[in-house]
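The exercises below work through one model. Each has a task and then a solution in steps.

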Amino acid sequence: MAVMTSAVNAQVKSVSAAQNAVENAKKDVENPKKNTKFATWIKYGKALVDAYDAPAGNGWINASRQELQLVSGNEKPVSVEKVTLGGQEWDKEVYPTRNYYFNAAGQLGLIEITKPVYENALDMALEAYGKANELDVKHAKTKDITGAILSIAGKYIDEAYTAYTLGDLAKASDYFEKAARANAAEPVCQVDSNSIYNAGFTAWLAGNNDRAKEFFEKSVEIGYYGEDGETYAKLADIAEKAGDAEKSKDYLEEGFQKFPQSRSNQPALVFDGNPAADQEYLKFFHAAPLLCSTDIFYSNSSPFIQPSYRLIPSFAGLYFRKALLYNCRQPNKCAFCANHNNPNG
């Protein structure tokens, strides 16, 4: 999964102050004489973001306990416990509106909001800034609106990584999608390739293959393929699980053509899923990996075999396995065919 870092939190309002600010700004939004002004919507959007931040307290990612003591005053956690997340041990501090998770280095690594002021504060804030942008016909506040929306997108990403670490993969996928949509909104208009891929990746991990396919295909469409073409391997896996072996092969071949150095697409492409047979061939090829010259094999549908042999000679044996699907031009001279009873030989 592509990774991004979190931003530092600024000093936040108290929960009650933040809620009062939203309710006051909402009155202007509902006032026909004021809701046609972009300043009204900017004020409302900012109040909603402040309300989102308030339950998190003054903590920020990577802050030490000593730093937090300086800004938090005498506030103490309700309880403290050790928890294991993703194979790592964390110190979990429970507060009335949030949980802080400290890593082994004593730094704040996760902030989990347990009692938000509004469940959908960021969604409403994004809508408010979108409305402000529509009303800002002279683009006087484009810079401010862009900055606000980028900040919201970053908060969605923080929420996504928190959900991912806590094991809620479906929620992580939803937040990554929201981040991508925020970055795509006017006037930002950016393609957030990381979030699009990660929305698919976390959906795939959650077993939601239809959703994962949607985002992986979008990734390919925008030219983002993950590390070494991993997107194609994931699409192939989804197709295989859906019972479409031919489509799975097509994805792997396309991925291999674009990323011949990638191992994600290689083994799945050349092995047939029979563990015993795979081990037999692997032993044979590890012992004598360079048995045939590349001109022995041909295929009008898989031209990638020869280039892969030239680029990665140490993996050459793997592609000979794939070549069994096609005719061997010189079976009597081919050590592979002689030793493995190729029906064409």
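**Exercise 1. A lysine in a helix**

Does K155 count as buried or exposed, and at what relative accessibility?

Solution. The model is predicted: local features need pLDDT of at least 70, side-chain atom pairs count only at pLDDT 80 or more, and totals for chains, interfaces and linings use all residues. Residues are numbered from 1 along each chain as its sequence is written, and side-chain values use heavy atoms, with hydrogens and water left out.

Step 1. Locate the residue: K155 is in helix 5. Helices (H or I, at least four residues) and strands (E, at least two) are DSSP runs, numbered from the N terminus.
Step 2. Apply the cut-offs: buried is under 20% relative accessible area, exposed is over 50%, and partly exposed is in between (1.4 Å probe, protein chains only).
Step 3. K155 has 12% relative accessibility and therefore counts as buried.
Step 4. List the neighbours, where a contact means heavy atoms within 4.5 Å. Leaving aside residues within four places in sequence, K155 is in contact with V49, Y52, D53 and L122.

**Exercise 2. Backbone exceptions**

Which peptide bond is cis, from E186 to which residue? Find also the residues other than glycine with a positive phi.

Solution. Most residues other than glycine have a negative phi, and most peptide bonds are trans.

Step 1. The bond from E186 to P187 is cis, with omega near 5°.
Step 2. P187 sits in the loop between helix 6 and helix 7. C189 is placed in the loop between helix 6 and helix 7, and its phi is positive, near 55°.
Step 3. N62, not a glycine, has a positive phi of about 80°. N62 belongs to the loop between helix 2 and helix 3 (65-72) and is partly exposed, with a relative accessible area of 46%.

**Exercise 3. Strand 3 and its partners**

To which strands is strand 3 joined, and how do they run?

Solution. Two strands pair if DSSP finds at least two bridges between them.

Step 1. Four bridges join strand 2 (residues 88-94) to strand 3, and the two run antiparallel. Their hairpin passes through three residues.
Step 2. Strand 3 (residues 98-102) is joined to strand 4 (residues 108-113) by five bridges, again antiparallel. This hairpin has five residues between the strands, and G106 in the turn has a positive phi of about 80°.
Step 3. R98 has I113 as its bridge partner in strand 4.
Step 4. In a regular strand the side chains alternate between the two faces of the sheet. From strand 3, R98, Y100 and F102 point one way and N99 and Y101 the other way.
Step 5. Five of the five residues of strand 3 are buried, so the strand is largely enclosed by the rest of the structure.

**Exercise 4. Confidence**

Over which residues is the pLDDT below 50?

Solution. pLDDT is the predictor's confidence in each residue, from 0 to 100.

Step 1. The protein averages a pLDDT of 80, and 72% of the residues score at least 70.
Step 2. The pLDDT is below 50 over residues 3-9, a stretch with twelve contacts beyond near neighbours in sequence.
Step 3. The pLDDT is also below 50 over residues 267-345, where the model has 110 contacts beyond near neighbours in sequence.
Step 4. Where pLDDT is low, the predicted coordinates should not be read in detail.
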